[in-house]
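The following exercises are intended for a reader new to this structure. Each task is followed by a solution in steps.

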Amino acid sequence: RLPFEVVETALDAMPEPPTKIMMNLGTPDQAFALSHLPNRGVGLARLEFIINRQVGVHPRALLERDLLPAALQQQVDEHWQAYPSPREFFISRVAEGVATIAAAFAPEPVIVRLSDFKSNEYANLVGGDRYEPREENPMLGYRGASRYVSEDFAEAFALECAAMKRVRDDMGLTNLELMVPFVRTVGELEAVIQVLADNGLKRGENGLRIIMMCEIPSNAISAAAFLEHVDGFSIGSNDLTQLTLGVDRDSALVAGSFDERDPAVLTLLGMAIDACQAAGKYIGICGQGPSDHPDLAEWLVDRGIGSMSLNPDTVVETWLRLANR
Ligand code: PEP
Ligand code: MG
């Protein structure tokens, strides 16, 4: 193995690609190791992964701990006992996870996406079964922004917000930016921005940037209207492809029809990029598309994408390919 300083110097000398290469990060434990790959920050850290790993308990089970049946109460208690309260357990553990990532990549931006658990995923957390609805189509159901504005989930979302606020305002890691997933309508976005502000996360305050995922066709079609309320888009090509082509992204039976390079998907990608450029706002992509398809990465650069957030294992290869074109 080469000494660390040699690797660092070699990476510093790498030519810069024409678009910012960022990284998608799973959980905090690998943040410091991966931060040594060439990067311009983290374009997507999924908060549901962080909550799963750092907390493992459904937030409502923590909040309603006193009302739970004894057996479940005992299960929940095993998790938070070292903390002053179940609530504090959630906030500190999530803040710690997010802060680890933000610190590892500072001063580059770290975009943390607020939770996008589907109901079937949330049900797997301790106590989750009790609170989650059984939906026929969780992928199209109670996920993303729709939770943040629902009464049922308000207190749980407030915990997420408190954790984000602690990282930015108390720990001073203001390179943390927020992203809102799966926003169906402009009205829903306006309501989410208001809920965030009510929870102390006001867009623009202390430099807080709030962007949204562009991952539902409505987002690209009505891009200008959505962009009035946020600092930009990050394209979620996984959901955008699924919803544009009507292909279940999790079904092996139709996987052959899933292609981010389909002309219909490219049309929507182009619309999103144009709208952000016209509004002078951030436009990135954080879905799998450019990690899986080098030709799509090149297409996106030519089309004017501002940043590309890739799987860590494709970062160096894509960086070199784009820089040396
Ligand atoms: C996407 O939809 O492209 C995306 C990045 O979000 P997720 O894969 O978590 O749905
Ligand atoms: Mg998505």
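**Exercise 1.** At what angle do the axes of helix H3 and helix H6 cross, and within what distance do they come?

*Solution.* The model is predicted: local features need pLDDT of at least 70, side-chain atom pairs count only at pLDDT 80 or more, and totals for chains, interfaces and linings use all residues. Residues are numbered from 1 along each chain as its sequence is written, while chains are lettered from A and ligands numbered from 1 in the order in which they are written.

Step 1. Locate the helices: H3 covers residues 47–54 and H6 covers residues 86–105. Helices (H or I, at least four residues) and strands (E, at least two) are DSSP runs, numbered from the N terminus.

Step 2. The two axes come within 9 Å and cross at roughly 125°. Axes are lines fitted to C-alpha atoms, for helices over the stretch in contact, and angles run from 0 to 180 degrees between N-to-C directions.

Step 3. H3 and H6 are therefore oblique to each other (under 35 degrees is roughly parallel, over 145 roughly antiparallel, 65 to 115 roughly perpendicular, and the rest oblique).

Step 4. On the H3 side the contact is made by Ile50, Ile51, Arg53 and Gln54, and on the H6 side by Arg93, Val94, Glu96, Gly97 and Val98. Residues are in contact if their C-beta atoms, placed from the backbone, lie within 7 Å.

**Exercise 2.** How do H6 and helix H10 pack, and which residues of the two helices meet?

*Solution.* Step 1. H10 spans residues 154–170, and its axis lies 8 Å from that of H6 at an angle of about 45°. H6 and H10 are therefore oblique to each other.

Step 1. From H6, the residues Arg87, Phe90, Ile91, Val94, Ala95, Val98, Ala99 and Ala102 take part. They meet Leu159, Glu160, Ala162, Ala163, Met164, Arg166 and Val167 of H10.

Step 2. This contact divides into 12 nonpolar, no polar and 3 charged residues (Ala, Val, Leu, Ile, Met, Phe, Trp, Tyr, Cys and Pro count as nonpolar, Asp, Glu, Lys and Arg as charged, and the others, Gly among them, as polar).

**Exercise 3.** Which residues are around ligand 1, and which element supplies the largest share?

*Solution.* Step 1. The shell consists of Leu44, Arg46, Asp116, Glu215, Gly236, Ser237, Asn238, Asp239, Cys286 and Gly287; a residue belongs if its C-beta atom, placed from the backbone, lies within 6 Å of the ligand.

Step 1. The largest share, 3 residues, comes from H14.

Step 2. By class, the shell has 2 nonpolar, 4 polar and 4 charged residues.

**Exercise 4.** Are phenylalanine 182 and asparagine 206 buried or exposed?

*Solution.* Step 1. Phenylalanine 182 lies in the loop between strand E4 (176–180) and helix H11 (186–198), and its phi is near 45°, a positive value in a residue other than glycine. Because it has 23 C-beta neighbours inside 10 Å, phenylalanine 182 counts as buried (buried is 20 or more other C-beta atoms within 10 Å, exposed 12 or fewer, partly exposed in between, with C-beta atoms placed from the backbone).

Step 1. Asparagine 206 is in the loop between H11 and strand E5 (210–214), with a positive phi of about 55°. Asparagine 206 is exposed, with 11 other C-beta atoms within 10 Å.
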